[in-house]
Amino acid sequence: NASATSFSPVTDASMAGGIITFGNRGTASVGGALSFDASAVYGDGAGGEATGGSVLIETLAGTLESNGLSLSASADGGFIAGGAVPTAFGGSIVLRNEAGAAHFSRSGNIAMTVNANGISNSNGPGGDGAGGTISLGVDGTLELDMGGSGTFVAEVIGTGGSSSNGDIGGNGTGGGIDFIVGSGGTLNIINPGTPLIELKANGIGGNSLTQGGNGGGGAIFLVATEGNATLPSLTINVRGEGGLGLPSGNAIAGRADVVVRESLVSIGGDLVLDGNAVVAGSSVEGDGTGGVLGVDVAGSGTLDVAGNLQMLANGDGTVNFAGTIAVNASFGLLDVGGGITLSAASLNDTFGSNAVIQAGNINVDVGTLGEIRSTQGLSADVQGTATTPLYGVTAEAGRFDMRSAGVVRLGGAGLIVQANGGWVLGTEGGSAFGGSAIVQLIGGSFDTTDLVLRASGISGANSGGTGG
């Protein structure tokens, strides 16, 4: 234990977690869980600067066995009644396996937390919180088996502190998670009892009676290069979430990528990449921008998803921009047992005169030696839609591009693209522009049950002749 904790109020206090390192070159066996804590946490009634420490587990040679992992390098700024509000920073957790080495967790829970909670303040603004980093580098073997009843947690969430006296809420910024499987490496995450794991790098703004704090999502990368990975249903979450307030805070989602090169990555259920912007509901809402998401299969690699593939980069709030989604199978196979759902839509239900409705972009690229298969088809949504009366505002759809020189096989509903822009039928509003739905087949083969492309512009009703 290298954590630091304080329950005593001290003006301008500062605290940091320590450094924990465990290295193995032989044969090591731990009957219970590996439990390492390098957090910096203020208890009830205390607060100040907080910085998480670092946890490093290296298996350089030989074998390490345990029954669960409980690793933390989080930071919690606590509570103050006025004074300085420095940012709370999460620390770092690193698991590294060199070639030929093996780390087995045979049973029990897996918990890796590097969160950061900003200072909450009763007499001033809330403090910022910035999540830390989790890194798994696998050139040998890493097997995390929860034994049928355990749970899996991997979080680098940044949360802004609240302000209870009418000042602004703190900003929250998600940290970074990277799971890197290198040449000859094997990563197995086994969880038959609760078959879902979630990686979280959310940024959550702090709450306030006035201006809510901003939330910015972090970054998560799952990369396999000449290695293999087997995981259960997986959700990768990089949402930006604005804090409550008048107005509520802005939200900017982060980035998430799954990259498979000369490797086999198998997902036992659904694969979800969530890069939505989430603005807290309020009479005056903040702005929200969707994230940047990617799936890239190259170098004769295979990404095998037993369930559905969902990629979500939707906008939210008053100034509402959707994000960007890219699916690339330049030289390899993306094989989805269920359906593929891609959404970079802008749905605006606010009443602000400065409202913006702008959907995002989705790109699907299949190279000459690439293939995309989906049993239940592919649906794409780049619609820009308003559901409230907004005069003098234009609803704009986004762009869908599909370019294939390889093999595309879509069952179920086939390929459905919605690139409409406008208002819900009967709603008063302004102008509308449909987007682009483009499919280019420059070689290879393309098989689909149905092909539906829509890019309509639907202007709002305008009975009073105002705007639009």
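This is a predicted model: local features need pLDDT of at least 70, side-chain atom pairs count only at pLDDT 80 or more; totals for chains, interfaces and linings use all residues.
Strand β32, which covers residues 233-237, and strand β37, which covers residues 271-274, pair in the parallel sense over four bridges. Within that pairing, Leu-234 has Leu-271 in β37 as its bridge partner. In general, the strands of a sheet pair through backbone hydrogen bonds, in either a parallel or an antiparallel arrangement.

Taken as a whole, the protein chain has zero helices and 63 strands. Its radius of gyration is 24 Å, close to the 23 Å that the globule rule gives for 468 residues, so the chain is as compact as a globular protein of that length. Along the principal axes, the C-alpha trace of the protein chain spans about 70 × 60 × 30 Å. Of the 468 residues, 54% are buried, and among the contacts with a separation of 6 or more, 82% are made by residues 24 or more positions apart. The accessible surface of the protein chain comes to about 16700 Å², and carbon and sulfur atoms account for 51% of that surface.

Asn-97 lies in strand β14, which covers residues 92-97, and it counts as buried because its relative accessible area is 1%, where the cut-off is under 20%. When its neighbours within four places in sequence are left aside, Asn-97 is in contact with Thr-59, with Ala-102 and His-103, and with Gly-137, Val-138, Asp-139, Gly-140, Thr-141 and Leu-142.

Charged side chains provide another way through the structure. A search of the whole structure finds eleven salt bridges. In one of these salt bridges, the side chains of Glu-58 and Arg-96 meet at 2.7 Å, taken from N to O. Glu-58 lies in strand β8 (residues 54-59) and Arg-96 in strand β14, so this pair ties together parts that are 38 residues apart in sequence. The two partners fall into separate accessibility classes: Glu-58 counts as buried at 16% relative accessibility, whereas Arg-96 is partly exposed, with a relative accessible area of 32%.

Another salt bridge joins Glu-65 and Arg-106, whose closest N and O atoms are 3.3 Å apart. Here the link runs between distant parts of the chain, from Glu-65 in strand β9 (residues 63-66) to Arg-106 in the loop between β15 (102-105) and β16 (110-113), 41 residues apart. Glu-65 is partly exposed, with a relative accessible area of 29%, and Arg-106 counts as partly exposed as well, at 39% relative accessibility.

Arg-409 is partly exposed, at a relative accessible area of 44%, while Glu-371 counts as buried at 16% relative accessibility. Both residues also take part in a network of salt bridges that links Asp-335, Glu-371, Arg-373 and Arg-409.

The loops, finally, hold some backbone features of interest. The peptide bond from Leu-246 to Pro-247 is cis, with omega near 5°, and Pro-247 is placed in the loop between β33 (240-241) and β34 (251-252). Glu-226, a residue other than glycine, has a positive phi, near 60°. This glutamate, Glu-226, is found in the loop between β30 (219-225) and β31 (228-231), where it counts as partly exposed at 40% relative accessibility. Glu-262 likewise has a positive phi, near 50°, in a residue other than glycine. Its place is in the loop between β35 (255-261) and β36 (264-267), and Glu-262 is partly exposed, with a relative accessible area of 47%.

Definitions and conventions:
Residues are numbered from 1 along each chain as its sequence is written. Side-chain values use heavy atoms; hydrogens and water are left out. Two strands pair if DSSP finds at least two bridges between them. Helices (H or I, at least four residues) and strands (E, at least two) are DSSP runs, numbered from the N terminus. Buried means under 20% relative accessible area, exposed over 50%, partly exposed in between (1.4 Å probe, protein chains only). Contact means heavy atoms within 4.5 Å. A salt bridge is a side-chain nitrogen of Lys or Arg within 4 Å of a carboxyl oxygen of Asp or Glu. The radius of gyration is taken over C-alpha atoms; the globule rule is 2.2 Å times the number of residues to the power 0.38. Accessible areas come from the Shrake-Rupley method with a 1.4 Å probe; for residues, only the protein chains shown count as cover.
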